[in-house]
Amino acid sequence: MSDTGERTEGAQMIEIGPLAELAPDSARRVDVDGHRLAVIRIGDDVYVIGDECSHADYSLAEGEIDSDDKTIECWKHGSAFSVETGEPTSMPAIKPVPVYTVRVEDGVIHVEVSS
Ligand code: FES
């Protein structure tokens, strides 16, 4: 865990791990400070959204990534979520999942979470 010092009120930057350990176009579930996160890499860009599908409690990190649309598809019923906005782009989910601020510094992924 590390703290880069730059943060919004009540939030902190948490180290997730090396970018090199997350293959392009893959995702991994990470639990930090009570937040359940889906860390998603598309090309060299990293996105972090809430891991729990807004339709039911299934892990979005286990879903399939569409690198062109920048979405990840829930494996259970097929709703796709934008990795940039958290909004579902297809049914049955109708509510967004949270989106987290993410930064890669010196090859290490950091995410901002509220404490
Ligand atoms: S649990 Fe994700 S779409 Fe139903």
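**Strand pairing in the predicted model**

Strand β4 (residues 45–50) pairs with β8 in the antiparallel sense over two bridges. Strands here are DSSP runs of E with at least two residues, numbered, like helices (H or I, at least four residues), from the N terminus, and two strands are counted as paired if DSSP finds at least two bridges between them. Within this pairing, Val48 has Tyr100 of β8 as its bridge partner. The structure is a predicted model, in which local features need pLDDT of at least 70 and side-chain atom pairs count only at pLDDT 80 or more, while totals for chains, interfaces and linings use all residues. Residue numbers start from 1 along each chain as its sequence is written.

Both β4 and β8 belong to an open sheet of four strands, ordered β2-β3-β4-β8, with antiparallel pairing. Its edges are formed by β2 (26–32) and β8 (99–100); each has a single partner strand, so one side of each is left without a neighbour in the sheet.

A second open sheet consists of three strands in the order β5-β6-β7, again with antiparallel pairing. Here β5 (64–66) and β7 (80–82) are the edge strands, each pairing on one side only. On average, neighbouring strands of this sheet are turned by 25 degrees against each other, direction ignored; the axes are lines fitted to C-alpha atoms, and angles between N-to-C directions run from 0 to 180 degrees. Three bridges connect β5 with strand β6 (residues 71–73) in the antiparallel sense, and Glu64 stands opposite Glu73 in β6.

Strand β10 (residues 108–114) is joined to strand β1 (residues 11–18) by seven bridges, the two running antiparallel. In β10, Val108 stands opposite Pro18. Strand β10 also runs antiparallel to strand β9 (residues 102–105), to which four bridges join it; Ile109 in β10 stands opposite Val104. The hairpin of β9 and β10 has two residues between the strands, and in this hairpin Asp106 takes a positive phi near 55 degrees.

Confidence is expressed as pLDDT, the predictor's confidence in each residue on a scale from 0 to 100. The protein has a mean pLDDT of 93, and 93% of its residues reach 70 or more. Over residues 1–5, pLDDT stays under 50, and the model has eight contacts for this segment beyond four places in sequence; a contact requires that the C-beta atoms of two residues, placed from the backbone, lie within 7 Å. Where pLDDT is low, predicted coordinates should not be read in detail.
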